Amino acid sequence: MNQPSVVLLLTLGTALSAAQQQNAARLSSGDLERGKYLTHHVAMCIQCHTPRGADGSLLLERAFEGAPIPVAKPAQWTAWAEFAPRIAGLPQYNDDQFITLMTIGIGREGKPLRAPMPTFRLTREDAEAVAAYLRSLR
């Protein structure tokens, strides 16, 4: 390998390392807080994906562990999910699949999810913040 090739490889390796560090830094507490805000107050994921107590209140100590859908199926709907799966840790999705779901509404099997799951149109930045937050919940 000639000298310019070695320098190019070392430069690429340094650039990749810097990009990886930048990506890790982006998943900072600010992104986690944004993801928490979005899942709790905007997209309202917590309302379906968190179990409820006998009085109907959310069991926050079990946030995003999956739960029965708290809304009855409307008579005109045929496809209606009865259970919202665990999304703490995002066990069913890799990052690309989850970003696709949150930005264009297509699930990992290539089609929209059943109602009442909304078709979200989050920005990529917001979808990444949501993914970072949910992955932080193990």
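Guide: In this predicted model, a residue is termed buried when its relative accessible area is under 20%, exposed when the value is over 50%, and partly exposed in between.

Visitor: Why is aspartate 126 called buried?

Guide: The relative accessible area of aspartate 126 is 12%. The cut-off for burial is under 20%, therefore aspartate 126 counts as buried. Aspartate 126 belongs to helix H5, which spans residues 124-136. Apart from residues up to four places away in sequence, aspartate 126 touches Arg34 and Leu38.

Visitor: What makes threonine 50 a buried residue?

Guide: Its relative accessible area is 1%. Because the class requires a value under 20%, threonine 50 is buried. Threonine 50 sits in the loop that runs between H3 and strand S1 (67-68).

Visitor: Which residues are in contact with threonine 50, leaving aside its neighbours within four places in sequence?

Guide: Threonine 50 is in contact with Leu58, Leu59, Arg62, Ala63, Phe64 and Ala67. As for alanine 63, its C-alpha atom and that of threonine 50 are separated by 4.8 Å, although the two residues are 13 residues apart along the chain.

Visitor: How are cysteine 45 and cysteine 48 classed, as buried, partly exposed or exposed?

Guide: Cysteine 45 has a relative accessible area of 11% and is therefore buried. Cysteine 48, with 22%, is partly exposed, because its value falls between the limits of 20% and 50%.

Visitor: How much space lies in the largest pocket, and which residues lie nearest its centre?

Guide: The largest pocket holds about 680 Å³ of space. Its lining comprises 31 residues, with His49, Pro85, Leu113, Arg114 and Met117 nearest the centre. Two or more lining residues come from each of helix H3 (45-49), strand S2 (83-84), helix H4 (95-104) and H5. The most is given by H3, with four residues.

Visitor: What is the make-up by class of the lining of the largest pocket?

Guide: The lining of the largest pocket has 23 nonpolar, four polar and four charged residues.

Visitor: How many cavities of 30 Å³ or more are there, and which residues line the largest cavity?

Guide: The count is one cavity of 30 Å³ or more. The largest cavity has a volume of about 30 Å³, and its lining consists of Leu101, Gly105, Pro112, Leu113, Met117, Pro118 and Thr119. By class, this cavity lining divides into five nonpolar, two polar and no charged residues.

Visitor: What pattern does the chain follow along the sequence?

Guide: The chain reads α-α-α-β-β-α-α, and contains five helices and two strands. Of its 138 residues, 30% are buried. Among contacts with a separation of 6 or more, 42% join residues 24 or more positions apart. The chain exposes about 8,900 Å², with 57% of that area supplied by carbon and sulfur atoms.

Note on methods: Residues are numbered from 1 along each chain as its sequence is written. This is a predicted model: local features need pLDDT of at least 70, side-chain atom pairs count only at pLDDT 80 or more; totals for chains, interfaces and linings use all residues. Side-chain values use heavy atoms; hydrogens and water are left out. Buried means under 20% relative accessible area, exposed over 50%, partly exposed in between (1.4 Å probe, protein chains only). Contact means heavy atoms within 4.5 Å. On a 1 Å grid over the protein atoms alone, a cavity is a set of points where a 1.4 Å probe fits but cannot get out, and a pocket is an open set with protein on both sides within 12 Å along at least five of seven lines; lining residues have an atom within 4 Å of a point. Grid points are joined across faces, edges and corners, and a volume is the space filled by probe spheres set on the points. Ala, Val, Leu, Ile, Met, Phe, Trp, Tyr, Cys and Pro count as nonpolar, Asp, Glu, Lys and Arg as charged, and the others, Gly among them, as polar. Accessible areas come from the Shrake-Rupley method with a 1.4 Å probe; for residues, only the protein chains shown count as cover.
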